[in-house]
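Thanks for coming. Let me put the structure up, and then I will walk through it.

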Amino acid sequence: MDEAVIVGAQVVAGHDGSAELLVTLRHANGVEAPVQLDEATGLKLMAACGASHVDELSGQSWRRIVE
Amino acid sequence: MFDVIVKNGLVVDGSGAPGFKGDVAIKDGRIAAVGKVTGEARTVVDATGRVVAPGFIDPHTHFDVQLLWDGAAKPALEHGVTCVVPGNCSLSLAPLKIADRARLIGMFQQIEEMPPEAFTEAFEWTWEDFAGYRAAIEKDLSINVAPLVGHSVIRLWVMGPASQERAATPDEIKAMQDLLRECLEAGAVGLSTSFVDVDENGRPVPSRFAQFEELDALSAVLGEFGRMLQIVPEFYATDITIARIDQLAELSLKHNIPTTFSPVFDNAGTPNSVPRQIARVEEQFARGARVWPQMQTRPADISFSLLRPSLFFGRLPRWMRVLRQPLEQRLAGLRDPAIVEKMIADTGPDEGEKLLGRLVLRGGDAAPPELAGMTLSEIAKARGETPARALISLSLEHGLDVAFVSANAGHEKTERVGPMLAHPLVHIGASDGGAHLASFATYGDTGYLFSEFVRKGHLTLEQAVAKITGETADIWGLKDRGRLQPGKAADIVVFDAERIDRAEELPIFDMPGDGMRYTRAARGIDTVLVNGEVAYTAGSYTMARAGVVCV
């Protein structure tokens, strides 16, 4: 089944003064779009992906966000 | 005989017109004359070498609670702000039934980070309706207030706990319309709503359960009064924000109302985001809609301590692995010399000088107060350590409760943000004054507008003044404010164009219950008049209490 894949991630400043995770997704139709996750969600995504470095998120399924 | 004459200043009247040397005379709280004024006054303010401008208007604050014990909304007034708009992001302190107070306090604490004593000890909670809240704050105001009413509290009043569970029925929507109408008649400047905020338990605030039909019905009531709809869109995703811009445009056109949204951030990671939002706003204004993107002047910072995991370490895998462990294991890791040596080595051959040296210790927590405001590099040198080692050892010495800030981490490129702020359709605001108390200072954005963007040539003095006075008053329908013209309310700030700025961020303990907040003092502000009375001068607040609810 086609699904969105993370193709990039970086740490950016968030609205509430914390670090947030800006994730770039490549959707099944080839379109790439960014989405910014708050700190708690970003940390959860990294843990779900087994990533200790933001670069390790590339190539992971976006489905991980709900795991 | 005038009450006050502000003499010999550079009069920048809030219209955007070139400044001119002259005087401003005041009688009975209103501007009586502008230009070369002859005659006497009981009080003369010498403005030689200074700018004389309308008082600044801050259109996005959360001073709802603070105004109940501090009618100056300190330090907003000393920064030249003479009118604040509280009640943003769907939350206001009225209308609110007694039974719902605890629920709302939780939501406010999530946003404002105020200690519980602020709600239980600092004021007498006497009201339920909006008129009652207005009366409670009006007793002791030295700043003007144009309060929004929050969509979440309107929902909470009508639906109770179901407001955080489901869509409203047609009868409930009708009841919300009636309640909103009552609030607008009592002096609300508009309605705020949020598609993002959560309560203290992480649950969406009530406004997020509304269907479009509900927002449409409430906007119809705003249309009866020509009042503002303020929203917090899903700012983490540009395309959703653009969809909200389109939705706001439909509501603006259908009901003939102004609308505004924030935050609007420029970030290196999404360089096309703000340009795309502004382009969409331009298209919608061309159709006749009024959708004002509200942009803050100050850069965004990143704060963290080792007490909790932080994405700040997202490029340092070993730090990330140690810090995301439960507290006991985290402490054990940070006390293990073998692990620490590897962590330090990961920060580079200079052991973190380049990577971490510019971090600033924030203070207000368990750290020694005398270190507040120092860079990690300075602290490390004083301790005879390298920055990475000092970060770990100092944190361990104080139970890890030592916060650092990485300043200017977003919305920080003046050459990009300056032209955005100068754009005729960008509304300068979004300070969040009175919120995020324990996270960062939300004061002094107006000073920063002049120090960073006017003095560096991105906006003219007149343009910047107009943006935060006359144009803001026009956007919000504050007909009596924002310009130095005969007949207008005499809200005036006298400042030094070469010195106006925000001071360093520092922790102070002036909240109820000795609660801490980060704040910034003002620089370059000589005198502030509110409704013709001197409310702040020579570095001190006066006893004047001339502020009003000015809607």
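Predicted model: local features only at pLDDT ≥ 70, side-chain atom pairs only at ≥ 80, totals over all residues.

Residues are numbered from 1 along each chain as its sequence is written, with chains lettered from A and ligands numbered from 1 in the order in which they are written.

Now chain A. Three of its strands make an open sheet, ordered 1-2-3, and the pairing is antiparallel. Helices (H or I, at least four residues) and strands (E, at least two) are DSSP runs, numbered from the N terminus. Two strands pair if DSSP finds at least two bridges between them. Which strands are at the edges? They are strand 1 (5-13) and strand 3 (32-37) of chain A, each of which pairs on one side only. On average, neighbouring strands in this sheet are turned by 25° against each other, direction ignored. For such angles, axes are lines fitted to C-alpha atoms, for helices over the stretch in contact, and the angles run from 0 to 180 degrees between N-to-C directions.

Strand 1 of chain A is joined to strand 2 (residues 19-26) of chain A by eight bridges. One example is V12(A), whose bridge partner in strand 2 of chain A is E20(A). Helix 1 (residues 39-48) of chain A packs on the sheet and touches strand 2 and strand 3 of chain A. The direction of helix 1 of chain A makes about 55° with that of strand 2 of chain A. Contact here means that the C-beta atoms of two residues, placed from the backbone, lie within 7 Å.

Which residues of helix 1 of chain A are buried? They are E39(A), G42(A), L43(A), L45(A) and M46(A). Seen down the axis of helix 1 of chain A, the buried residues fall within an arc of 160°, so they line one face of the helix. The arc is that of the directions from the helix axis to the C-beta atoms. A residue counts as buried if 20 or more other C-beta atoms lie within 10 Å of its own, exposed if 12 or fewer, and partly exposed in between. The cover over these helix 1 residues of chain A includes strand 2 and strand 3 of chain A. Just after helix 1 of chain A comes G50(A), with a positive phi of about 65°.

One residue in strand 1 of chain A to look at is I6(A). Why is I6(A) called buried? Because I6(A) has 23 other C-beta atoms within 10 Å. Leaving aside neighbours within four places in sequence, the contacts of I6(A) include V23(A), L25(A), S58(A) and W62(A). I6(A) and S58(A) are 52 residues apart along the chain, yet their C-alpha atoms are separated by 5.1 Å.

Next, where the chains meet. 29 residues of chain B are in contact with 23 residues of chain A. On the chain B side, strand 14 (300-304), helix 9 (317-323) and strand 16 (404-410) are the elements that give two or more residues. Strand 14 of chain B gives the most, with five residues. By class, that side has 15 nonpolar, nine polar and five charged residues. Ala, Val, Leu, Ile, Met, Phe, Trp, Tyr, Cys and Pro count as nonpolar, Asp, Glu, Lys and Arg as charged, and the others, Gly among them, as polar.

Chain B itself is divided into domain 1 (59-298 + 411-475) and domain 2 (302-408), with bounds from an automatic or database domain assignment. Taken over C-alpha atoms, the centres of domain 1 and domain 2 of chain B are separated by 36 Å.

Chain B also has an open sheet of three strands, in the order 6-7-8, with parallel pairing. Strand 6 of chain B pairs with strand 7 (residues 81-84) of chain B over three bridges, and I57(B) has C83(B) as its bridge partner there.

Six of its six residues are buried, so strand 23 of chain B is largely enclosed by the rest of the structure. Four bridges join strand 18 (residues 492-495) of chain B to strand 23 of chain B, antiparallel, with V493(B) opposite V528(B). Strand 23 of chain B also pairs with strand 24 (residues 533-537) of chain B, again antiparallel and over four bridges. In the hairpin of strand 23 and strand 24 of chain B, two residues lie between the strands, and N531(B) takes a positive phi near 50°.
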